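Please keep the sequence and the structure at hand while reading.

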Amino acid sequence: MADRPPDPLESTAPSGEASPGPSFEAHTGREEAASKVAVVVAAMALLANCVLTSPPRFDPRPWPEGSLLKPLVEALGLHARYPTMRGVEIRDLVFALGAAAIVVIAGLDLIARRRRRSLAWSDAIDLDELARSPVAWWMLWVIAGVLSSAFADAPRVAFGQVAVRAMWTAWWFGLILLLRPLHIASLAVALVGGLLLAAILGLWYQAVRAIDPAGRLGYPFGNEGWMAACLLPAFVVALIGAIGLAIGGTSKRRALGLGAAVVAGALGLALLRTGTRSAYVGIVVAALATIAMLGDRRIRTFMTVVVLLGVLAGLWAVGRPAMLESLPLRSESIRSRIEHEWPYAYRLVGQKPIVGHGEGAYPLRVGPLARAEQFSEPAITAINHRVWPTHAHNEYLEIAVETGGVGCVSFVAALVVTFLRALRYVERPAAAHRVLVVALAAALAGASAEHFFGVGMRNPGEPPIYLAVWAMLWALVRPRDDPNDDALRYMTSARPTRAASIGIVLVAAGAGLGWLGAMDWRAARRLFDAETLLAAGRPVEAIAPADFAVRYKLDPFRQVVAQLTAARARSETLLRGLADDPGPPDDATLRVGHEALAILAKLKDIAPRFLMLARTEADVCRALVDAYARLGRPAEVLSFRQLARAAFEQECRDEPFDIDAVRTYLRIAPDAKALDWMQLLRGVMRAGYVDETWQQLLHGVRARPEWRAVLADLLHVATQDAERPRERWRDPLTPETFRLAARMEYVDGAPHRAAELVRRAEALYAAANRRLIAAQSAAWFELAIYRLDLSPDAADEALADLDRADELRGAATDAQRWTGPTAAIRLSCLLALDREGDARAFMARAGVPEEQVALRLGERYAALARQFVGRPDRIDAERVVAWARRAAALAPDEWIVQLALGEAAAAIGDAKAAAAALDSFVTRCPDSDYAHREVARIRARFPTATVDQPSR
């Protein structure tokens, strides 16, 4: 047999002697001291990372008397003295300082040594077997990120994320260099302990403080998915450690195993309470990885086949329309990933498959893709005037978007190489740290699997946890030179000058990373200050902190948010200056406006159609129109007026669900045609329920002379589309055409026709298979309104419609129904059926204060009376009067009740009662002009009743 090179993992013990396993303890006292210091620093950083927060404020709800949790939460929240937007950015600071300290320790260790391994650094990165070292693949990934960012559309923004990757590298690689196997178990215990504290804190908070104690666990990491991603590695390490200690050990080891089992139980309970499916997938993968590492080659082969078949079956299942269509409301996140976020990533990767778009590119590049498809499923894509998908919810796809195929393959290869080395390690019969290696490898596998669905690595908190597990695993299993092989080779002096130079560079790099992390933390706080000042109406003071955040924020998404905040601060400063001084503006005021436009122009290149960019540009342009009008410069006025209109048009295209944007545009575009109005109003309807503002704009459509012809054309197209599959619709807003037409029929007094039209819209929404559930819920709600208007006797059917509407929008309790849009109509239906007792019970279950019940019921009785007064074809007039009188009995001091009573009395010819009620109405109504118009309307409507004009 041909000679093979020696396996560094194999023992070199003489023949016939028991193999002691790899010789891990052959290192100098200084190396051991450096390892201990690194463990202490990393443990402190991990503990702070797990429990510290920096909230902008604490929940104002009162605490239970004598609660010990209150001072603990406030202390861990630093008493809200260092607030940031999300309250978790302090973990970025802790991580950056920890990574910087690790690098400085490594540099000082190099500088201090006099005799060292001649291949100490090449040994760490395994230069003789680059393809078998995760460090080499990691470095290739980092280089790919640097190159892709250099050629990105916004290199300065992308290099902020490059700096974050440098901190990752410093933490991960520094731990690999410094950690000795003897100390890795201590760091693993510290990691589990820190996350155990976080789990206990979360469970305690959930039991004492949470609004819904039975809800999902999220504190203190941010949200349930984020919390689960952080807890997952600790749970796996604790569970496998407990099993390893309990099997075949001494009584002391079994006692330690019992303690580890208790720890695993607490972490598992917290994981379970998060209710996060991606974490459950991670646990399954961790279990499979454990079996694979402990089994023989046949078991591994069998499991590999099973896993591959399972993955293929899963891909086939999730791609089937039937599976997606059957998902419950809680599973919308699955469809969001499969049909939106992941396809966006595929398209972006296809645009630059080799080098990618630069670090942090996904949230900046996805805007145009998401906005172009936002009508397909508004509830899932979360697209409104503030948010669209900011992450792919798949770390590997997002890395591929950023660094292309080169970077993604390199990152995955680094993981694979680590797992393969761990497998080789545990195959050795005398492996000294088998249980710890299995636990760390399983934790790394589970967390890596969770990254296929989660976004934890893009948030503060998880990166140091995940990278610490990875670094500990590789520090345990990486190949090392055996000193028995060649002691001279091991102890040969390296070139002191070169080593010291490298050490100095590392110390300087660590200091630089620490400074960047501190400035990033300050930028997060300053961005919060800027937003707070803007909300307080102090835009001039917000400019400086916003500019600071622009200069020093590292995360690309947050950095661009800072730029937008800086533009908004200048926009509102300009508006405030023009409002405070009605005279011609000075050069400084104009300069602020032009600075805002310059920032927004850069943002259009960095992140096209980003957040409120178009709205801010429109506000600035309108302000400059006013400014130049005061200066008597008509050319500039015309130019900025055109820019303002174009910006508002873009805003309506970008944010079609924002009713305020629609209203503003229609106000500044008086020449807009009926088709333009209908297009915008239908867009708002796609988002779900409409409000009073929408109703007012509807009357604006009806003021256009051509509206009936335009609506007829839209209905013709919609009728044809209704017979086609959704993907072949000529008009993507076909269901909204039916709803708009139904509302027009209802206004014209034809609720029967309106009900028919809205049923057609609901059928089309149902065929969309829960992709348009908000609009479908609104359709059921509108159908209930039309049914009730047809006849009070149809209130039973209307109640069923309201139940369907509430079910679709996720209102499972009466409290949720009461706070939603269906509550008022639900009360009207119950009262129309003479079920006041049920209405009172509904309000009691919803938590309505007892002192408000009579007022609410009186208002609903009055609304019913006004809805059916003077309509003898649908209801007996005496029944309407009875409702009005009941309203007056419940809420006699309400002017709307007196108006209903007066109108009902006039309808039956009771002039005396009508006059008394209307006189009371005029006295109580806060708007006297409105009051007298209503009285005049009633006199004109019921001329046979002698209704005197009440005095003012």
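A crossing is called left-handed if the near helix is turned anticlockwise from the far one by less than a right angle, and right-handed if it is turned clockwise. The model is predicted: local features need pLDDT of at least 70, side-chain atom pairs count only at pLDDT 80 or more, and totals for chains, interfaces and linings use all residues. Residues are numbered from 1 along each chain as its sequence is written, and side-chain values use heavy atoms, with hydrogens and water left out.

**Overall composition**

- The chain contains 41 helices and 0 strands; these are DSSP runs numbered from the N terminus, where helices are H or I of at least four residues and strands are E of at least two.
- Of the 952 residues in the chain, 53% are buried, where buried means under 20% relative accessible area, exposed over 50% and partly exposed in between, with a 1.4 Å probe and protein chains only.
- Of the contacts between residues at least 6 apart in sequence, 74% join residues at least 24 apart; a contact means heavy atoms within 4.5 Å.

**Helices α8 and α10**

- Helix α8 (residues 224-246) and helix α10 (residues 277-294) cross at roughly 30 degrees, and their axes come within 10 Å; axes are lines fitted to C-alpha atoms, for helices over the stretch in contact, and angles run from 0 to 180 degrees between N-to-C directions.
- α8 and α10 are therefore roughly parallel to each other, since angles under 35 degrees count as roughly parallel, over 145 as roughly antiparallel, 65 to 115 as roughly perpendicular and the rest as oblique.
- α8 and α10 cross in a right-handed manner.
- A228, L232, F235, V236 and I240 of α8 meet A279, G282, I283, A286 and T290 of α10.
- This contact of α8 with α10 comprises 8 nonpolar, 2 polar and no charged residues; Ala, Val, Leu, Ile, Met, Phe, Trp, Tyr, Cys and Pro count as nonpolar, Asp, Glu, Lys and Arg as charged, and the others, Gly among them, as polar.

**Helices α5 and α6**

- The axes of helix α5 (residues 134-150) and helix α6 (residues 155-178) come within 9 Å and cross at roughly 170 degrees, which makes α5 roughly antiparallel to α6.
- The crossing of α5 and α6 is left-handed.
- Residues in the contact include W138, W141 and V142 of α5 and W168, W172 and F173 of α6.
- By class, the contact of α5 with α6 has 16 nonpolar, 3 polar and 1 charged residues.
- Q161 lies in helix α6 and is buried, with a relative accessible area of 6%.
- Not counting residues up to four places away in sequence, Q161 touches E359, G360, R458, L554, D555 and P556.

**Aromatic residues**

- Rings of Phe, Tyr and Trp (its six-membered ring) pair if their centres lie within 6.5 Å, with planes under 30 degrees apart counted as stacked, over 60 as edge-to-face and the rest as tilted; the count by this rule is 25 aromatic pairs.
- W138 and W141 form an edge-to-face pair, at 5.0 Å centre to centre and 90 degrees between the planes.
- Both W138 and W141 are buried, and they are separated by about one helical turn because they stand 3 residues apart in helix α5.
- One aromatic cluster is formed by W138, W141, W168, W172, Y396, F411, F452, Y466 and W470.
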